[in-house]
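Here's a friendly walk through one protein chain. Have a look at the picture, then read on.

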Amino acid sequence: EVDVLEMSKDFMKFELRKTDLATANALRRVMIAEVPTLAIEWVTIHSNTTVLHDQFLSHRLGLIPLVSHKAVSMEYKADCNCDDGCSNCEVRYTINVKNETEDVLDVTTRHLIPVDDREDVPEPVHKDDDAILIVRLGKNQELVLDAVAVKGIGKEHAKWIPVAVATFQIDPIIELNEDIMEKLDEKQKKEFVACCPRKVFSYHEDRGITVAQPRECVYCRECTLKTEEFNEVEDVEDLIAIEPSKDTFVFSIESTGCIEPKDIVIQALAVLKNKLDKIKVGLSDIKRQYGY
């Protein structure tokens, strides 16, 4: 089960329930390494009189995130039936800039112009209308090049990774022993609450200590260490119990902008399902062949 906790264009936080740690980690790894995106793979430089050499520029171009919503429907270059590239397996761009002024000219992703005339040509990701700087040109310097973007996955090269952040936290289960808590005086209760760097606990005179923000817990164990200072209180070591959940995980996904986080999760689940289907078919073949 999935419960979305927070959603924006570039960030998603959701709760994954009723599964195990291995499955949660497999989903995280697939989001990083096996969700396809577009990235520049080949660069042909016709003229470069900038301060950056050709290899440096090519590397910078390859790391520019491209809008990749349609990447999932495109063909991998190696699998396409075309002879020399087509609109189904690659996207072509060009840069042709010369600085004829006295001022320094910024060459940005705004100058990376798609060669194709179709309306849905993937463009570089521009967050808040800010272009990505590629190089700066001095007087009479120029940059003329052609670039080709293809579909790929992060397992092959980091430039195809669709996420800047893909992490999950095991949901903490925090239990306070009410009987032992009543044995603490007011000063000890306040010290216990204040020791937590993440403000997981709160103190109320009428209710005592409560778990206010359990998901802020990072398992630092500062609270359990604090209880050791209250050694005059009987059974104080049992005041608090913190255990990681075995079936609930909180994911935080931040996209590079090439694909929206919800689509990254959906595509990753599809990839994971496809892998499991292949395993199922393989096991069926083994059972049929060897009789077990």
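## The chain as a whole

Take the contacts (heavy atoms within 4.5 Å) between residues at least 6 apart in sequence: 74% of them join residues at least 24 apart. Keep in mind that this is a predicted model, where local features need pLDDT of at least 70, side-chain atom pairs count only at pLDDT 80 or more, and totals for chains, interfaces and linings use all residues. Residues are numbered from 1 along each chain as its sequence is written, and side-chain values use heavy atoms, with hydrogens and water left out.

The chain has six helices and 12 strands. These are DSSP runs numbered from the N terminus: helices are H or I with at least four residues, strands are E with at least two. The radius of gyration, taken over C-alpha atoms, is 27 Å, well over the 19 Å that the globule rule gives for 292 residues, so the chain is more spread out than a compact globule. That rule is 2.2 Å times the number of residues to the power 0.38.

Why is strand β8 (residues 142-152) described as largely enclosed by the rest of the structure? Because nine of its 11 residues are buried, meaning under 20% relative accessible area with a 1.4 Å probe, protein chains only.

β8 has antiparallel partners, where pairing takes at least two DSSP bridges between two strands. With β3 (residues 37-48) there are 10 bridges, and Thr44 stands opposite Asp146. With β4 (residues 90-98) there are nine, and Tyr93 has Ala147 as its bridge partner.

## The largest nonpolar core

A nonpolar core is a set of buried Ala, Val, Leu, Ile, Met, Phe, Trp, Tyr and Cys residues joined through side-chain atoms within 4.5 Å. The largest one here has 23 residues, and Leu61, Ile95 and Val135 have the most contacts inside it. At least two residues of this core come from each of β3, α2 (54-62), β4, β7 (133-137) and β8.

Leaving out residues up to four places away in sequence, Leu61 touches Ile40, Val43, Ile95, Leu112, Ile134 and Leu145.

## An open sheet with helices

Now for the sheet: four strands form an open, antiparallel one in the order β1-β2-β12-β9. β1 (2-7) and β9 (163-176) are its edge strands, each pairing on one side only. β9 and β12 (residues 240-255) are joined by 12 bridges, and Ile170 stands opposite Phe249.

Helix α1 (residues 21-33) packs on this sheet, touching β2 (11-17), β9 and β12. Helix α6 (residues 261-290) lies across β1, β2, β9 and β12.

Terms used
Buried means under 20% relative accessible area, exposed over 50%, partly exposed in between (1.4 Å probe, protein chains only). Axes are lines fitted to C-alpha atoms, for helices over the stretch in contact, and angles run from 0 to 180 degrees between N-to-C directions.
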